[in-house]
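Please open the model in your viewer and keep the sequence panel beside it.

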Amino acid sequence: MGGSFVGPTQDAVLELAAELRIPTIPTHHDGNNLIYWRGSARPYSGTIPRLSLLGLLDMGRLRWQFERISRAVPVADPWNARRAGQLDDVSLGQWLRLVRASASSRDLMAIMSRVTWGCEPDDVSLLHAARYVHAAGGLDRLLDTENGAQQDRFPGGTQQIAELAAAELGDRVVLDAPVRCIERHGAGVTVTSSQGHAEAGFVIVAIPPAHRTAIEFNPPLPPEYQELARNWPQGSLSKAYAAYDKPFWRAKGFSGQALLDRGPVFITFDVSPDADGPGILLGFVDARAFDSLSADQRRRETLRCFASVFGDEALDPLDYADHRWGTETFAPGGPTAAVPPGSWTRFGRYLREPVGPIHWAGTETADEWTGFFDGAVRSGQRAAAEVSAKL
C-alpha cells in the first residue's frame, strides 16, 4: 500500500534488496497506453500522449525550458542556485502560466505533480520541482516506465525490505515505541518513548520534516529548525487496487497504464503477478476528492475511472482495496514533501544540518532520488557515516 517501484540508477536500494535476497520483476508496459481526455478515451505510446500537434509542440517546449532550469539547480545546495530567489518565489503552476503553457499542458503537468508530490502545481515551489527532477536524473528518468523510475517492482511488496533488515538486527529494533521526547545533555541524548528511556551519544531522526513537530526537543531546536518543520508539509495521495481473473486489458492490446484528466483516479499501472492472472490494476488517486468518501463510494468511484479507460469489465473485480495515506493517524501524508514557495531559500540549509548530537535522515534529505526508496537508503547511509565519523 506504500511505494511500489524501483528503476535504473536507484543503486542504493537495489543493492540493499540484493543483499537481503529480495527479487524484482519488470513492470508490465507492453501495448498501448490509454488517456481519458475531455470526455473520451484514446490510445497513445510513449511517456507523453500526443493530444494534438500543437499540444505536442507545447509540451516539448515546456520540457526543454524546465529541464534547462533543473540542470542549473545544484542539488546539494539549491538555495545557492544563480536565480534561487526567483525560482523559489513562484510555484510550478505560476511558472506554467508565466510561460503561457496551454490548458492541456497545464493539465498534464498537474497529473505529474499529483503523483510526484501529492499536490497541485500551485502548491509546490518551482525551485523544489526543479531540484527534485535534477535529483532523479531528469524528467524522462522520473516519469518513464522502461529505463525509468517505474521500470521494476518487488513482487513480494516493499515492506519486506524493512522486515528482513529488522530481522538481522533482532531485538535492537523496538516496535510500538513512538518517540515523544529527545533531550540533549552533556553526555549525548535521552530518547523517551512509550516504552521508556534510551541513553545514547547520538540520535538519528529519520522521519519527514513535517513529522518532527510530533517530538518534543529539550532544549527546543533553534527557531529556524522549528520553522523548517512547519514549512515543509507532506503531500496527500491515495492508492487503490482492483483484482480480476486475468489482466483482460492485455488481450485488447493495452499496457494497463493510463492517464485521466477527470478523477479521482488520475494514473494507473498493471501490477499483475503474471499473464495468467490474476490481473491487478493500481490507481493513484487524488486524495481531495476521495479520502472523505465512504468505503463503498471510494470503490465505486475507482472502478468507474478504471472502466472509463479499460471498459465495463473493470466494474466487476474479484477484490478491491485502497489506502488513504493522508488519514494515517501516526504519520499522515505522502508520498513525500510538497515544498511550497519560499521554503528552500529560507529553511533548506537546515534540512539535514545536525543540531549537536541530533542528526537527520529520511528521503527528503537525500541528494539523489529525493522522495524515493533510494533516497531513503542513501540518507540513512549518509547519516550513519556522519555519526560514525564522530564516534
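Among contacts in the protein between residues at least 6 apart in sequence, 71% join residues at least 24 apart, where contact means heavy atoms within 4.5 Å. This is a predicted model, in which local features need pLDDT of at least 70 and side-chain atom pairs count only at pLDDT 80 or more, while totals for chains, interfaces and linings use all residues. Residues are numbered from 1 along each chain as its sequence is written, and side-chain values use heavy atoms, with hydrogens and water left out.

Stay with the whole protein for a moment. The C-alpha atoms fill a box of roughly 65 × 45 × 40 Å, taken along the principal axes. The radius of gyration is 22 Å, which agrees with the value near 21 Å that a compact globule of 391 residues would have; this radius is taken over C-alpha atoms, and the globule rule is 2.2 Å times the number of residues to the power 0.38. Of the 391 residues, 50% count as buried, a word that here means under 20% relative accessible area, with exposed meaning over 50% and partly exposed in between (1.4 Å probe, protein chains only). In a cartoon view, the secondary structure comes to 13 helices and 16 strands, which are DSSP runs numbered from the N terminus (helices H or I, at least four residues; strands E, at least two).

Next, select the strands S6, S7, S8 and S10. They form an open sheet of 4 strands in the order S8-S7-S6-S10, with mixed pairing, where two strands pair if DSSP finds at least two bridges between them. The edge strands, each pairing on one side only, are S8 (196-200) and S10 (216-218). Strand S6 (residues 179-185) and strand S7 (residues 188-193) run antiparallel and are joined by 6 bridges; Val 179 has Ser 193 in S7 as its bridge partner. On the other pairing, S7 and S8 run antiparallel with 5 bridges, and Thr 192 stands opposite His 197 in S8. A hairpin joins S7 to S8 through 2 residues.

Now move to Val 309, which has its place in helix H11 (residues 295-310). Is this residue buried or exposed? Val 309 is buried, with a relative accessible area of 7%. Leaving aside neighbours within four places in sequence, Val 309 is in contact with Leu 34, Ile 35, Tyr 36, Ala 41, Ala 258 and Leu 260.

For a contrast, select Asp 274, in the loop between strand S13 (265-270) and strand S14 (279-286). Asp 274 is partly exposed, with a relative accessible area of 37%. Beyond neighbours within four places in sequence, Asp 274 is in contact with Pro 247 and Arg 250.

Finally, show the aromatic side chains. The structure holds 15 aromatic pairs, in which rings of Phe, Tyr and Trp (its six-membered ring) have centres within 6.5 Å, with planes under 30 degrees apart counted as stacked, over 60 as edge-to-face and the rest as tilted. One of them is edge-to-face, formed by Phe 248 and Trp 249 at 5.0 Å centre to centre with 75° between the planes. Phe 248 counts as buried at 12% relative accessibility, and Trp 249 is buried at 0%. Elsewhere, Trp 117, Tyr 132, Trp 369 and Phe 372 form one aromatic cluster.
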